2 protein chains.
Amino acid sequence: MSEVIATYRLPGAKGSFEKKAEGIALGLTVGSWTDLPQLEQEQLLKFKGRVASINEEAGEGVGEISIAYPGRNYSNDLPAILTTVFGKLSLDGQVKLINLEFSDDLNRHYPGPRYGIEGIRELAGVKDRPLLMSIFKGVIGRDLAYMEDQLRAQARGGVDLVKDDEILFDNPLTPFYERVKNGRRILDEVQQETGKRTLYAVNLTGRTSELREKARRARELGADALLFNVFSYSLDVLQELREDENIGLPLMAHPAFAGAVAQAPHHGVAYSLWLGKFLRMTGADFSLFPSPYGSVALEKDQVLAISRELTDEPSPFKKTFPVPSAGIHPGLVPHLMEDFGEGCVINAGGGVHGHPGGAESGGLAFRQAIEAVKAGIPLEEVQGEELRVALSLWSKGGKG
Amino acid sequence: MSEVIATYRLPGAKGSFEKKAEGIALGLTVGSWTDLPQLEQEQLLKFKGRVASINEEAGEGVGEISIAYPGRNYSNDLPAILTTVFGKLSLDGQVKLINLEFSDDLNRHYPGPRYGIEGIRELAGVKDRPLLMSIFKGVIGRDLAYMEDQLRAQARGGVDLVKDDEILFDNPLTPFYERVKNGRRILDEVQQETGKRTLYAVNLTGRTSELREKARRARELGADALLFNVFSYSLDVLQELREDENIGLPLMAHPAFAGAVAQAPHHGVAYSLWLGKFLRMTGADFSLFPSPYGSVALEKDQVLAISRELTDEPSPFKKTFPVPSAGIHPGLVPHLMEDFGEGCVINAGGGVHGHPGGAESGGLAFRQAIEAVKAGIPLEEVQGEELRVALSLWSKGGKG
Ligand SMILES: [Mg+2]
Ligand SMILES: [Mg+2]
């Protein structure tokens, strides 16, 4: 059957959830039922919400209810579906939307990642280890020359990807198209030097209706990938970027503002859905989220739930790269690889730039740490000078 | 100075807020400061965030801090500003964004409502009382003929506006353009009969990039106004609808999904900003929100704060109509008019359709209640039959 099943967690006494569930199932679909004539009931049955399950054992004073919303009630786009399943309900006291299950026929209309983990590995030329990404640091108020130096140092350190800071917008000092062109030129130069190709994700920003044209032009100018603050726009806008064949670039979803919807314990939408399932469905090749270790930290079970949604199989969609972020330094690489395996991106800002030898040394330290974990060697036993310096800095509690 | 000042409420011990505030002011702008050479500090000063104020007396274990973000750090659009002021921060534990103050030069670039309260009063031909709006009820699974009957009955009851249900999308039974055309025809007919013009707000739905074209076409077909689930899209999309001179229709912002961001006590964004200031800035002529009386209820101080943001003067923007909604029946009209004055829209679904005499009688009962309050007559003393029946039904606890 064509339907979306929404699961909610909400407070209530045992025995009270069935009535609540019936109220939602009717209220968000056909409106009323028992007072309708038999004939109308028959006609409306296929539009009526259905209580799919009730779990009164979800916790002390907490239950979970699942409601199936018939696919014929909404157009198959996320604005319509979010409005249906959590429009009015989001305003109604304490209730958290924890999952949506799409029937196959509805799922089929979402694109999923264009590249996915395997496609990105091909672009980056990296087969069997986590990718390494670093982030421009402190670039507000700086000019293109400053960014060029940072980009060159990061690329020489052997990182696979460099991303813009999400708070760098189109601005006179470092305009969007200039960043794209310069990035291309510098990364081509470093590739000549080192043989290693680094990809640059430029921050796609501006008014909503201008994004697609900017993205197309960025591609023409040689952009490798697009960073996108999807939650300051919307999931549907991300999906439209993904679906545009004239863009065709890898899409990196930044979690900025995602916490406004997902951070509260008893309200809004679960992180696993918001940063996990939805981003994979709508076409992000990368999903960034706070790691469980760093300064801005999520709980480990939340983070692993996001990661599962991004990579679980079977799925109609390619896999999205999980990118646990914030406060990552080389000493955390063994933890990251234990928790996320090889199918993740290790992403560091301060952990690269804060290296006493500079960003180039910072990148090398991470690469050395990744090789060591792959080879089963404890980090303390690694000979690499850059890693040794990094470990001694960050073991003293330095901030990644 | 060109800047946005963001105010946050967050937990912490007395004496701890200054350091937090400094950390945010730097972390979300230039990144670092004390370790920069003098010359760089001078160059970067105009990009550096500034702690505008700290209030450690905001409550037990709670403080409020205000940070000024220089306008040159971001493009002047809400996605960029939300990313700056609450991007990473939204993910960082317990913190609520409670206000943004835009400097005049930044404010000037937002459109505000095209019509505003005064412009809508002219369109509706209503000078000196609250407007009355009713909502289609139980229309999912129904056809155009069903909606036509409902629309005719509502209009004959003397309501000023009728709006679509927010969960009615473009669908084969009642397609968007057909609803517009039929709505126009029926309301023209009723106007012939009664002399009273009722306006119909049709629900603008679908994929983001198609909205503006659909809205333009709706206008050509005679649409009166557009209902829009802005929070399932984004504020920037609402603003683009407002700015499009080829649309030019009144915009009615529905709060569906707004609770996902605003409902939690200690996370996300305050209702006054989300449903108040932002909707007025970006151009909503109407802002719907849960009333403090009904089934889905906000607290009264939240509701009044929304209403103030929509209507306070002086302001660079026209006023947005506050539309306290959900569970409204005629017996609540005195409360509504006491709390919101004449400058609001009284909006009822069940409170119109649930009248024993039907939607036409339901509308008349509300109109009688409004006239009575205007004339200073207690509702129980009103002679109108429709109001008498309504009061007797809803005083027994019937649901509006
Ligand atoms: Mg950043
Ligand atoms: Mg409704």
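User: Which residue lies over the face of A:F176?

Analyst: In this predicted model, A:K214 lies over the face of A:F176, at 4.9 Å from the ring centre.

User: And in chain B, what sits over the ring of B:F176?

Analyst: The charged end of B:K214 sits there, 4.9 Å from the centre of the ring.

User: Changing topic: which residues coordinate the magnesium ion?

Analyst: The magnesium ion (ligand 1) is coordinated by A:D165 through OD and by A:E166 through OE, at 2.2 to 2.4 Å.

User: Is A:D165 buried or exposed?

Analyst: A:D165 is buried, and A:E166 is buried as well.

User: On to the aromatics. How many aromatic pairs are there over all chains?

Analyst: The count comes to 22 aromatic pairs over all chains. One of them joins A:W274 and A:F278, whose ring centres are 5.9 Å apart.

User: Why is that pair of A:W274 and A:F278 called edge-to-face?

Analyst: The planes of the two rings stand at 75°, and an angle over 60 degrees counts as edge-to-face.

User: Where do A:W274 and A:F278 lie in chain A?

Analyst: Both belong to helix α11 (residues 271-282), where they are 4 residues apart, about one turn of the helix.

User: Does A:W274 count as buried or exposed?

Analyst: A:W274 counts as buried because its relative accessibility is 6%, where buried means under 20%. A:F278, at 0% relative accessibility, also counts as buried.

User: Which residues form one aromatic cluster with A:W274 and A:F278?

Analyst: A:Y8, A:F86, A:F231 and B:F257 form one aromatic cluster with A:W274 and A:F278.

Notes:
Residues are numbered from 1 along each chain as its sequence is written. Chains are lettered from A and ligands numbered from 1 in the order in which they are written. This is a predicted model: local features need pLDDT of at least 70, side-chain atom pairs count only at pLDDT 80 or more; totals for chains, interfaces and linings use all residues. Side-chain values use heavy atoms; hydrogens and water are left out. Donors are N, O and S atoms within 2.8 Å of the metal (3.2 Å for Na, K and Ca); water is not among the atoms, so sites may look incomplete. Buried means under 20% relative accessible area, exposed over 50%, partly exposed in between (1.4 Å probe, protein chains only). Rings of Phe, Tyr and Trp (its six-membered ring) pair if their centres lie within 6.5 Å; planes under 30 degrees apart count as stacked, over 60 as edge-to-face and the rest as tilted. Helices (H or I, at least four residues) and strands (E, at least two) are DSSP runs, numbered from the N terminus. A charge sits over a ring if NZ of Lys or CZ of Arg is within 6 Å of the ring centre and within 35 degrees of the ring normal.
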